[in-house]
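Welcome! Take a moment to look over the sequence and the 3D structure, and then we will walk through them together.

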Amino acid sequence: MERREVLGLGLLAGAAASMLLLAVLLAFYMTDPASPPACGAPPLPGCWNAPPAFRIIFFHVPLAWTAYVSFGVVFAASVLYLKTRNAKWDALAAAAGEIGVVMVTLALLTGSMWNKAELGVYWRWEDGRLLATFILWIVYIAYVALHTGSRMPEEARLAAVFGILAFAAVPVSYFSQTLLSSLHISFRPTFPPQTWPTLVVGVVALTLLFLHLLRWRLQIEALELRLLETKEAMEAAA
Amino acid sequence: MSDTAYLYAALTVALVGLFAYLAYLQRRQSKIRAEVERLEQLVTHGRR
């Protein structure tokens with residue numbers, strides 16, 4: 001690996017780690033835990049059944065945001081691949097798709113734990129937001145499975161078409177809160193005032209982590225390509 | 001489980017998930033790099 005690449009990866013990793021640390025400090029030590037109003041009898045509008053679990057928002061939302069950004073990158077890279085047929089766009093789409101699946105998996109898991117604390121159940125199939133995000137998860141697992149590593153142009157073309165079509169699941173997941181029946185927690189005026197800056201720091205931290213992971217994953221793609229070329233050269237020489 | 005326990009369980013899941021993915025990438029990179037170096041050495045020795 002070149003020195004510049006190592007330095008770039010190190011700088012991004014350092015920035016992501018620092019922002020993550022700041023996000024954790026803000027979320028756990030600088031946000032007033034008593035601020036979200038608890039539900040009493042009679043329950044106030046916009047009250048919280050489980051105020052301590054509210055802090056899950058500080059990593060659940062950045063994880064979901066990063067997943068959406070990853071799938072946006074898959075979409076853009078897939079369009080560019082179909083336009084240029086340059087393999088680097090296929091590699092970028094494959095890398096972003098894999099990271100997106102990791103992020104959406106963690107967003108689903110952390111969200112279901114918050115659901116359990118706030119609403120008493122881990123999962124409700126009749127909830128439009130949960131169902132739409134579950135479908136999004138399945139769609140992108142299928143997308144990742146399409147990249148078998150053969151690097152055949154036909155496979156890359158099919159994956160690019162799938163990557164473009166799959167992106168339709170992103171706005172469906174995002175807007176399912178308002179379009180479909182959902183008990184998913186929406187932004188409320190009863191959010192503590194410190195919520196927004198803490199959320200912004202979390203989103204920036206996870207976006208930096210995403211960029212770091214993307215660069216790293218692309219380096220692995222380049223290594224895999226080198227391995228494939230070496231194998232082909234050996235077969236040709238044999 | 002208390003509400004606070006759900007908070008820490010969710011934080012643990014997020015951190016363990018992220019670190020598991022980092023470890024997977026590290027392992028995958030080391031494995032492929034070792035294989036590339038082994039094959040390239042074979043090619044170099046074969047040419048001599």
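How many helices and strands are there in chain A? Chain A holds seven helices and zero strands, where helices (H or I, at least four residues) and strands (E, at least two) are DSSP runs numbered from the N terminus.

## About the model

This is a predicted model, in which local features need pLDDT of at least 70, side-chain atom pairs count only at pLDDT 80 or more, and totals for chains, interfaces and linings use all residues. Residues are numbered from 1 along each chain as its sequence is written, while chains are lettered from A and ligands numbered from 1 in the order in which they are written.

The pLDDT is the predictor's confidence in each residue, from 0 to 100. Chain A has a mean pLDDT of 86, with 88% of its residues at 70 or more.

## Chain A

Read from the N terminus, the elements of chain A go α-α-α-α-α-α-α. Of the 238 residues in chain A, 41% are buried (20 or more other C-beta atoms within 10 Å of a residue's own, with C-beta atoms placed from the backbone).

Chain B has one helix and zero strands, and its C-alpha trace spans about 70 × 10 × 5 Å along its principal axes. Of its 48 residues, 10% count as buried.

Where the chains meet, 27 residues come from chain A and 21 residues from chain B; two residues are in contact if their C-beta atoms, placed from the backbone, lie within 7 Å.

Key. A residue is buried if 20 or more other C-beta atoms lie within 10 Å of its own, exposed if 12 or fewer, and partly exposed in between; C-beta atoms are placed from the backbone.
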